[in-house]
Amino acid sequence: MATILTIGCDHTFLFSGGLSSINWDETMTEEKSDKKIHLPVTGMVCDGCVTSVKDALESVAGVKKADVSLEKKEAEVTYDPAQATKEKLKKAVKNAGYDVRD
């Protein structure tokens, strides 16, 4: 017997082995079309800067997740390339008062 699982309006799955065979961490977290980019951010000097950069990046349409590191001086951004671009991400960082090295 097959099990049909519908999640939201765009995700329907057919499982013949039952729901216990799903690995939720791998299959339900990110879309395969998402991209990840590392942006070297300059001008950050404190945790408040990290928060400002993170908030700026996450305000860009299509950004799924932004991890910002003060130690590494970089942001790792997971985004939908159909909505967000590197240029939009850089502009958001610049509008927050920081810069992205090329």
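Predicted model: local features only at pLDDT ≥ 70, side-chain atom pairs only at ≥ 80, totals over all residues.
Modeller: Residues are numbered from 1 along each chain as its sequence is written, and side-chain values use heavy atoms, with hydrogens and water left out.

Colleague: What makes Val 93 buried?

Modeller: Buried means under 20% relative accessible area, exposed over 50% and partly exposed in between, with a 1.4 Å probe and protein chains only; Val 93 has a relative accessible area of 0%, and is therefore buried. Val 93 belongs to helix H3, helices being DSSP runs of H or I with at least four residues and strands runs of E with at least two, numbered from the N terminus.

Colleague: Which residues is Val 93 in contact with, beyond four places in sequence?

Modeller: With contact meaning heavy atoms within 4.5 Å, the partners of Val 93 are Val 41, Val 53, Leu 57, Tyr 98, Asp 99 and Val 100. The C-alpha atoms of Val 93 and Val 41 are 8.0 Å apart, although 52 residues separate the two along the chain.

Colleague: Why is a set of residues called a nonpolar core?

Modeller: The term is used because its members are buried Ala, Val, Leu, Ile, Met, Phe, Trp, Tyr and Cys residues joined through side-chain atoms within 4.5 Å. The largest one here has 23 residues, and Met 44, Val 53, Leu 57, Val 77 and Leu 89 have the most contacts inside it.
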